[in-house]
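Dear colleague,

Please find the structure below, handed over for your records.

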Amino acid sequence: MTALEDRTEAPAPEVGKARKRKEDARLITGRTTWTDNMVLPGMLHLAVVRSPVAHAKITSVDVSAAADAPGVVAVFTGRDFAEEQGSIPCAWPVTPDMVNPGHPSLAVEEVNHVGEAVAVIVARSKAAAQDAVELVDVDYDPLPVVLDMEEAVAEQPDLCHDHLSSNESFRFVFDAGEAGTGQNTDEAFANAEVVVSRRFVQQRLIPAFMEPRAAVVQPQGDNYTMWSSTQVPHILRLMLAMITGTPEHKLRVIAPDVGGGFGGKLQVTPEEVITLLVARRLGKPVKWTETRSESLMSAHHGRDQIQYVDVAADREGNIKGLKVHILSDMGAYLRLVSPGVPVLGAFMYPGIYKFPAYRFDCQGVFTNKTPTDAYRGAGRPEATFAIERIMDELAVELGMDPLELRRKNWIKAEEFPFTTVAGLEYDSGDYDAATQQALELLGYDELREEQRRRRESDDPVQLGIGFSTFTEMCGLAPSRVLGSLSYGAGGWEHASIRMLPTGKVEVVTGSTPHGQGHETAWSQLVADELGVPFEDVEVLHGDTGISSRGLDTYGSRSLVVGGAAVVSASQKVVAKARKVAAHLLEAGEDDLQFESGSFSVRGTPGTSISIQEIALATFAAHNFPEGMEPSIDADATFDPVNFSFPHGTHICAMEVDTETGFVKIRKYACVDDVGKIVNPLIVEGQVHGGLAQGIAQALYEEAIYDADGNLTTGTFVDYLVPSAADLPHFDTGNTVHEAPGNPIGAKGVGEAGCIASTPAVVNAALDAVRHLGVTDIRMPLTPERVWRAIHSGGDGGDRATAGSNAYGGAQTETTAGVSTEASSLGGDR
Amino acid sequence: MIPAPFEYARPTTVDEALQAIAAGGEDVKVLAGGQSLIPVMRLRLAAPETVVDLGRVAELRGVREDGDALVIGAMTTHSDVLADPLIQQHAPLIAQATETVADRQVRHRGTFGGALVHADPAGDLPAVALALDAEFVIAGPEGRRTVPARDFFVDYLTTAVGEGELLVEVRVPKLDGQWGMRYEKFNRVAQAWSIVAVAAAVRRENGHIAEARVGLTNMGPTPLRAGAVEAALSGAEATPEAIAAAAAHAAEGTEPSSDLNAQADYRQHLATVLTRRAVTAAAGL
Ligand SMILES: Cc1cc2nc3c(=O)[nH]c(=O)nc-3n(C[C@H](O)[C@H](O)[C@H](O)COP(=O)(O)OP(=O)(O)OC[C@H]3O[C@@H](n4cnc5c(N)ncnc54)[C@H](O)[C@@H]3O)c2cc1C
């Protein structure tokens, strides 16, 4: 107990401070525990033999030469693990009759995409393992390759899985009329004055996280510890237990520092299963680390949808109905949430608009390609793109200004909370305010004026302006909603607070970061709740042995669900500490006030005790309230009642060189409403990163397969990820409408930029060249596509599937696992 | 990925290097900056028996003057080329093109000679060397020989440098006085190879173009000279119209490839646009 000194001003709250991230020094320098940095005594190394063909029966696998190679300890094929490998799980059966072909980690009978694992080499060094890969001799009996979704669901298609009767995995329909959330869609269209229909292509993308995947397994008796570069250690542990039969309590999964994921590490991967099975079989520690080429070819991909969108309206621009039919490419197998991705988008196609009628119909389709699954935004970017593109098309059809059409139909600020035609309750916001601010940030009027001048003078460089007035649903998720969508788990999050004797605080979070800045943001939250210095808080995460309960990080859920649990646990600590304080200060609990980390007796200046001192008193427990356990630690589980709905207005100004087709972003302004901002620097960073990825979808990235099912874009030479040098300055701003659904008032920001930006960019390019007769350009807007759309019409068409000749034509039909002609050339051509 | 095993030699003189190559067995690769060789070895598209590393051969580095020519050592890195005042003064086209090569890290390792011997059709320096009528000094067991640029680039990734030989240096005639130069590169992201590029050097005299040299990048398996453009420009008025008319010939005789960056007809179109732009800039218009 200390005498109350003359109080200086209470320190400024931590929440709202633009703190630099405390984890960054170690993450940026790489002096940390990346999984591949792990070295265990006696550790063996794995290399995976992968299929060079897209679809074939495996007729024989000869591993003898590989097994005899120097340093090789063992070689395993799918047959060796057939009894124990189970199937990679799909936790989201979106319909009761969804077809799941089963997904062995190591192929046994057949291969269904290039890059599928067929054997694994175990060796004393990574180099020895890699050298032996080419010695495994696999005979393949080729089957027809299914690549095109529209062909795959047409009459008499070739089959991706010959034991199934079709290429359709599921058909998921949401009809607002039937659900009672809207009117009859067919009637709305029958009675409409104007109907606009478009086909949009969401190209296949590769998450391309910075740190390649890696896993290390250490057996210890009948226990196994796995380190994995995963977003989801908790889910991974549960699933590994279910698949491999290793009891859950004998498995510990640790996600050490993880270098990015973007959904790409929201997975239970074949390689993680294989690593565990090999360690279990041999009783030795083993490590697997992928190469970049393996990563691009075999880690799950994202997007890949064909969208048929119809919008109905009257001549005045009042929207009447929306119909969406989607073909969603699952790739060759269903992974953890593959079918759930389009379903997460199902409810967001109406966007911010008051559609009276809405119907969503999605077919999940198998093709002989790498499976798809979550990728930043998962379903919502696709939805946002479709609605924001079709609104522009409708505006053109009606001869209306695209912003005026939006304004006429969007939900007004005074209408929140608003229940949409998809049955979602949008929580808060003001679309008009965000739009006004974004227009000012952009300098809209001058740019429109310049656009007019360029058009009139027939300038070879034309200018366009594109909008995206988006919202999205995130903060996954209310458990009961996930239940209603047949998802295999809940959406809560867990946190606990441990008060250490010296007054320092350990926060354990179930939401495992992989670069988002949890350690900093959680410390800010706890510092405010407990009144302790920011530096006195340490955040622990990512280890199922430390953080026993958790559902990890995806769907912009960490702050709004995980952070809410942290706040709630902190408040429980304060409530317990209050009892101790009352005891020690010999006062009634109700007479105590808690301020800046100290309890004092209201109206009786002089004595107080800080929560950090109470932590020591609790450790000693010499003098504790009667009947109270000597602990002020607490934990909490937060299950949100609703999603959060960030929104914003993104405006892109785009220059198009009509002679070459080259597009260049002239200016990009966006105003996002992400509710309460805990750390403006982190929010800004998330927005920038999201914009980079959303713009990358619009302009750069595309996974391309050739006619045989080889991934042509198998290196970063041909899969173009933009760097800072390729992106414009971003003019960002915020409006703040707190989310009512969590105690922080925050809305998720992790995916917003990625969801919002893509249609703004495409709309801008189209706005620049629409007067030249262009009505659509397929993503990514390569210069060639833009040029073709301008000079020969259409949407720019397919690209050639040959890789560029850099590195002497190195593509992925490379070498992993087979002696191809290329690998036997012995020269660099 | 990890390259297949190989023997490694690190000579310090050209003579030692030639001996190491001769002694290296069937398949010997010379290592310069490694920015093209190491990736193909890691992808196991190349698996040489011996790698002879030129990194310690000091005599292969640097830029010097020799009368009317600049002499650029094969092992001069891209970044040293960029920083060199002689190049800025006498062959700014090389500096302009080198600046567009890859990123800073690659430019610090990759070399002028390596880029030319590698002869990637999408590489930026071959067309520049061709446009500047550079000469290539090649050393072999029988001594040294000099090959003009037009004979140096033989085919896709293939040059006049034979087995057992080394590129030692490149002689670039100084183009002083009335010459203007421009390298016009077209690619999608900053660090990428050229989809198409055009190297132009133009000498003006009395409002006319007295002489023009135009090199094309990635318009065929080897770099090309746009001969028809050069002929049309020779003696033409230095006006936008005359240049545009000449540039319209840029695709003549080219056989570009079709890949995911561009199909052949689009590359041919780009060649005309970029030629017009490059020549216009080089002519100071
Ligand atoms: C990410 C990336 C981007 C790039 N972008 C571009 C670009 O935009 N434009 C561009 O032009 N280039 C680009 N490059 C290639 C770069 O310019 C390389 O440096 C160059 O192509 C090869 O030079 P090097 O010194 O690295 O040669 P190395 O890789 O060491 O060697 C290349 C080949 O030349 C042979 N060789 C090298 N030196 C000699 C010699 N003296 N005598 C005989 N044979 C020799 C080698 O045996 C090998 O076959 C890029 C490279 C990378 C990695």
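Domain bounds here come from an automatic or database domain assignment. On that basis, chain B is divided into domain 1 (7-53), domain 2 (63-173) and domain 3 (179-282). The C-alpha centres of domain 1 of chain B and domain 2 of chain B are 19 Å apart. Their contact (heavy atoms within 4.5 Å) involves 9 residues of domain 1 of chain B and 13 residues of domain 2 of chain B. About 890 Å² is buried between these two domains of chain B, with carbon and sulfur atoms giving 76% of it; buried area is the accessible area (1.4 Å probe) that two parts lose on being put together, summed over both.

A note on conventions is in order. This is a predicted model, in which local features need pLDDT of at least 70 and side-chain atom pairs count only at pLDDT 80 or more, while totals for chains, interfaces and linings use all residues. Residues are numbered from 1 along each chain as its sequence is written, chains are lettered from A and ligands numbered from 1 in the order in which they are written, and side-chain values use heavy atoms, with hydrogens and water left out.

The ligand is placed between chains A and B. Of the 32 residues around the ligand, those that come nearest are B:V30, B:G34, B:Q35, B:T111 and B:D124; a residue counts as near if one of its heavy atoms lies within 4 Å. The shell comprises 16 nonpolar, 12 polar and 4 charged residues, where Ala, Val, Leu, Ile, Met, Phe, Trp, Tyr, Cys and Pro count as nonpolar, Asp, Glu, Lys and Arg as charged, and the others, Gly among them, as polar.

An N or O atom in the side chain of B:T111 is 2.6 Å from an oxygen atom of the ligand. For B:D124, a side-chain N or O atom is 2.7 Å from a nitrogen atom of the ligand. B:A115 takes part through a backbone N or O atom, 3.4 Å from a ligand oxygen atom. The protein buries 93% of the 970 Å² that the ligand exposes when taken alone, by the Shrake-Rupley method with a 1.4 Å probe.

In chain A, a cis peptide bond with omega of about -10 degrees joins A:F416 and A:P417. A:P417 belongs to the loop between α13 (402-409) and β17 (418-419) of chain A; helices (H or I, at least four residues) and strands (E, at least two) are DSSP runs, numbered from the N terminus.

Yours sincerely

Note on methods. A polar contact is a pair of N or O atoms within 3.5 Å; within protein, one must be able to donate a hydrogen and the other to accept it, and residues adjacent in sequence count only if both atoms are side-chain atoms.
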